[in-house]
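Take a moment with the sequence and the model shown here. The paragraphs that follow walk through a few parts in turn.

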Amino acid sequence: MDNLLLMMAPLFSSKLLLVLFFGTLFGLILGVLPGLGPTTGGALILPFTMTLDPLSAIVLLTSIYCAGTYGGAITAVLINTPGTPAAAATCLDGYPLAQKGEAGRALGMATVSSTVGGIFSVIILVFFAPILAQLAYEFGQPEYFALAIFGLTMLASIGEGSPIKNLIAGAFGILISTVGKDFMTSIDRFTFGINELTEGIGFIPVVVGLFAMSEMLTQSTLINQVFNRIALKAIKLPSKEDYKKTWKTIIRSSGIGSFIGVLPAEGGTVASLIGYSEAKRFSKKPEEFGKGSIEGIAGAEAANNAATGGAMVPTLALGIPGSATTAVILTGLIIHGVRPGPDLFREQPDFLYGIFGAMLIANVLFFIFGFFGAKIFARITLVPNKILWPMIFAVSVCGTYSLNQSIIDVWIMLFFGMLGFFMRRYGFSVVPVIIGLILGELVEGTLRQSLVIFDGNWLMFFTRPIALTFFILSLIALAFPLIRAKKIKK
Amino acid sequence: MKNVQKQKRANKSLPFFVRDEFKVSLVIILISTALLITTFTFDIVPPILNRGIQPATFPKALLILIIVMTLIIYYLATKNPWKIEKKLPKSFYLTLLSFLIFLVISKTLDFFLAISALSIFVSYCWGEKRIFYLILVGIIFPVIVFIFFETILGLRFPPGIITNIYYS
């Protein structure tokens, strides 16, 4: 009961409501614009959160996350280009349905299923995060090391890119985290005599570079691309018949999305693809998929929004990001001096349940904004790239510079922009780099501390049941893509 | 799908050293090897102060792992070649050049001027010829961003010919 009251707190705070309002609005705009999305947007907004208190800052970031994930559907349906990677599966049926003159119906279903998926996942978050946090009390350094390894091996099975390329990108992310003074011995590593590098490479320059700047370079290759934009008259709420057709799909995909979200490193993109394929598998009319199936839209959208709450579970309970955007949220927590993990649940329940409540409200808000404002948000896609991207560049540069007031950070951002472009060009996903960078210190720190505890005996890792379980899960995570590839071949 | 297979077949007919998979793998291996050599220059902690492993051990292990995995992707690519990527257009190289211009101007003249110059240059290269919009992206918007960061976040931008005038 107390926790329920704590969840309601944002409703009674005009400041938090204002933050939620702007966060949801901003998230929707980011989601609608192809190439941006909640991860880049969250990274760009991080410097601004410094003027807010920790709860308002995280509420802002989470509302951007929820609304941004939904916003991608508007572009997916109307111009056949996913606003966010998580909306890729929505294109498959959303656009064909819109071509048939039913854009309003497609967006109505996307809005309803996204809201249901999002709310479902917040309920999962409220119940499971405290349980997981309680379990985490049993964790010592070796268990955290094994958990971080599990998180990294999960990178092998994320949607984009080949498993080995994802693992290389993840290892590269960890390598970046080793730049600077070694935290145990204060010895310089990879600093090349540059003073600014002794503090290490910041998270924001890397994220803004890999996402925003590399996207700017990608957009520079697409300036002659013409989008076939379908006009939207108005969003229609799904009919009774549509509800009958899709309610099971929405619930199933909400469950799938929440589960996928909870897995470290996985996120909305994987969730929506699995949600979509499961919707097809269970459908009475699988032949309609890809030609404008309403079930396809429901399956993909419920799953990707359900992944938002799911991904917050390991982020808050263990400090392991559930997705790229939650890695940004995790950075926000750290910047504001909040340490995620079991102690957070015991010491700051008002803070945590405030976030849960805010996520719930954000899901309702994006439903209202989406329903009444989709037509306006759809017009945002008309802003030409030649105007939009130079503006994004100005914000990116100032945002990156602002955190440490360091011009080196801006150079690092540009370097990672170029690197990110070529990584994506040759099939390396940039998400594992971010996850690797976030987990890097945890991996190395827990490994070295464990070896101190074990007196250098590596075999001791396998004598601890929880650590052993995570190592076995890691092996399964590594084997999964191989099994999947064999299945597809058959 | 057919197009991708066509591109893959075309890639297979090229000599190995001009294929993307060879060039990418080579670059990764060369950089990783250079970094691996660098790790041998890290200071060594005396045994009495050392807790666990040496500071160089972890990065060394990571770099070896990256090299091994790169060899695996190259081996797999010899069986299943990557598709040939389209040539990059002129607008890409001009955008890349704008990054360089930004670096030079921000270092030598002024940070704000560098943002302004890049914005106008990129917008123009991407096809914007209308003066009002060039002024909007190159002057009006950067001024708004500058003032916003300066007043709301209390940010002090690095000295330069324009910022000095503003601060004085």
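This is a predicted model: local features need pLDDT of at least 70, side-chain atom pairs count only at pLDDT 80 or more; totals for chains, interfaces and linings use all residues.

Start in chain A with helix α15, residues 385-404. The helix has 20 residues. From its first C-alpha to its last it reaches 29 Å, close to the 28 Å expected at 1.5 Å a residue. An α-helix has 3.6 residues a turn, so residues three or four places apart point the same way. How many residues of α15(A) are buried? The count is 15 of its 20, and the helix is mostly covered.

Now step off the end of the helix. Gln405(A) follows α15(A). Gln405(A) lies in the loop between α15 and α16 (407-425) of chain A. Its phi deserves a look. Most residues other than glycine have a negative phi. Gln405(A) is not a glycine, yet its phi is positive, at about 50 degrees.

Phe192(A) is not a glycine, but it has a positive phi of about 50 degrees. Where does Phe192(A) lie? Look in the loop between β2 (188-189) and α8 (203-220) of chain A. Phe192(A) has 8 other C-beta atoms within 10 Å, so this residue is exposed by the cut-off of 12 or fewer.

Turn to chain B. Chain B has seven helices and zero strands. Read along the sequence, its pattern is α-α-α-α-α-α-α. Chain B has 168 residues, and 27% of them count as buried. Its contacts reach along the sequence too. Take the contacts in chain B between residues at least 6 apart in sequence: 62% of these join residues at least 24 apart.

Last comes the place where the chains touch. Chain B brings 49 residues to the contact, and chain A brings 47 residues. Which elements of chain B give two or more residues to the side that touches chain A? They are α2 (20-39), α3 (57-79), α4 (90-108), α5 (111-125) and α6 (131-152) of chain B. α3(B) gives the most to this side, with nine residues. What classes of residue make up the side of chain B that touches chain A? It has 34 nonpolar, nine polar and six charged residues.

Conventions: Residues are numbered from 1 along each chain as its sequence is written. Chains are lettered from A and ligands numbered from 1 in the order in which they are written. Two residues are in contact if their C-beta atoms, placed from the backbone, lie within 7 Å. Helices (H or I, at least four residues) and strands (E, at least two) are DSSP runs, numbered from the N terminus. Ala, Val, Leu, Ile, Met, Phe, Trp, Tyr, Cys and Pro count as nonpolar, Asp, Glu, Lys and Arg as charged, and the others, Gly among them, as polar. The expected span of a helix is 1.5 Å times one less than its number of residues.
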